[in-house]
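Here is a short briefing on charged side chains. It covers pairs first, then patches.

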Amino acid sequence: FLIVQVIAVTEKLKKEQEIKSNLELAKKSLELTIKDLQEQLDDAEMGALKNSKKQLQKMEARNRELEEEIATEKKKNAELQRGIRKQERCVKELNFQTEEDQKNLKRLQEVIDQMQLKMKSYKQQTEHAEEQANVNLSKFRKIQYELQNAKDRADAAENQVNKLRPKAMQLHS
């Protein structure tokens, strides 16, 4: 009986050792699987960390680019604002100059109007003087004609007297 029990215990022990051996193999297999999974997890974490670092670096680089663009745009905006203020000053100066030119033009137009009135008056005086000169010229020509006629008559009378003088001298002598 004892042998049977020893055999049974031995068989039971063999079965237990076999189970233990199987369990240890399963444990080793699971440990290897866990180790592989841990390595995969570590790799994934490292990859994710590297990827997130790369993404963070890209985002930081993009952020710097955007900040530089903003700074450039601010400079451009400031230059444009200065240009606008300068143009506004020019427009104000031109408006002022235009107003002054309009005032000067109005004054010049008044002077021109006065000069035109004077010219009209001078033209009327000139026309009147020409008319008077024409009248005087007509009178002068008439008088000159009459004078010429008188000279012609005087010459004729003198010739007549010269002809009659010798006769009158003969009669007196």
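A salt bridge here is a side-chain nitrogen of Lys or Arg within 4 Å of a carboxyl oxygen of Asp or Glu. By that criterion, Glu73 and Lys76 are joined by a salt bridge, at 3.8 Å from N to O. The model is predicted. Five salt bridges are present in the structure.

**Salt bridges**

- Side chains of opposite charge can pair when their charged atoms come close.
- Glu73 and Lys76 are both part of helix 1. Three residues separate them in position, about one turn of the helix.
- Glu73 is partly exposed, because its relative accessible area is 46%. Lys76 is also partly exposed, at 44% relative accessibility.
- Arg62 and Glu65 form another of the salt bridges, with an N to O distance of 3.3 Å. They sit three residues apart in helix 1, so about one helical turn lies between them.
- Arg62 has 41% relative accessibility and therefore counts as partly exposed. Glu65 is partly exposed too, with a relative accessible area of 40%.
- Lys27 and Glu31 also meet through their side chains in a salt bridge, 4.0 Å from N to O. This pair is four residues apart in helix 1, so the separation is about one helical turn.
- Glu31 is partly exposed, because its relative accessible area comes to 43%.

**Negative patch**

- Which residues form the negative surface patch? They are Asp36, Glu39, Asp42, Asp43 and Glu45.
- Glu45 belongs to helix 1, which spans residues 2-172.
- Is Glu45 buried, partly exposed or exposed? Glu45 is partly exposed, because its relative accessibility is 46%. The partly exposed class lies between the cut-offs of under 20% for buried and over 50% for exposed.
- Patch residues must have over 30% relative accessible area and no salt bridge. Glu45, at 46%, is therefore over the area cut-off.

**Positive patch**

- A patch of positive charge on the surface gathers Arg82, Arg85, Lys86 and Arg89.
- Arg82 is located in helix 1.
- Arg82 has a relative accessible area of 47%, so this residue is partly exposed.

**In brief**

- The salt bridges include Glu73 with Lys76, Arg62 with Glu65, and Lys27 with Glu31.
- The negative patch includes Glu45, and the positive patch includes Arg82.

Methods:
Residues are numbered from 1 along each chain as its sequence is written. This is a predicted model: local features need pLDDT of at least 70, side-chain atom pairs count only at pLDDT 80 or more; totals for chains, interfaces and linings use all residues. Side-chain values use heavy atoms; hydrogens and water are left out. Patches are made of residues with over 30% relative accessible area and no salt bridge: like charges are joined within 9 Å, nonpolar side chains (Val, Leu, Ile, Met, Phe, Trp, Tyr) within 5 Å. Accessible areas come from the Shrake-Rupley method with a 1.4 Å probe; for residues, only the protein chains shown count as cover. Lys and Arg count as positive and Asp and Glu as negative; His and the chain ends are not counted. The place of a charge is taken as NZ of Lys, CZ of Arg, CG of Asp or CD of Glu. Helices (H or I, at least four residues) and strands (E, at least two) are DSSP runs, numbered from the N terminus. Buried means under 20% relative accessible area, exposed over 50%, partly exposed in between (1.4 Å probe, protein chains only).
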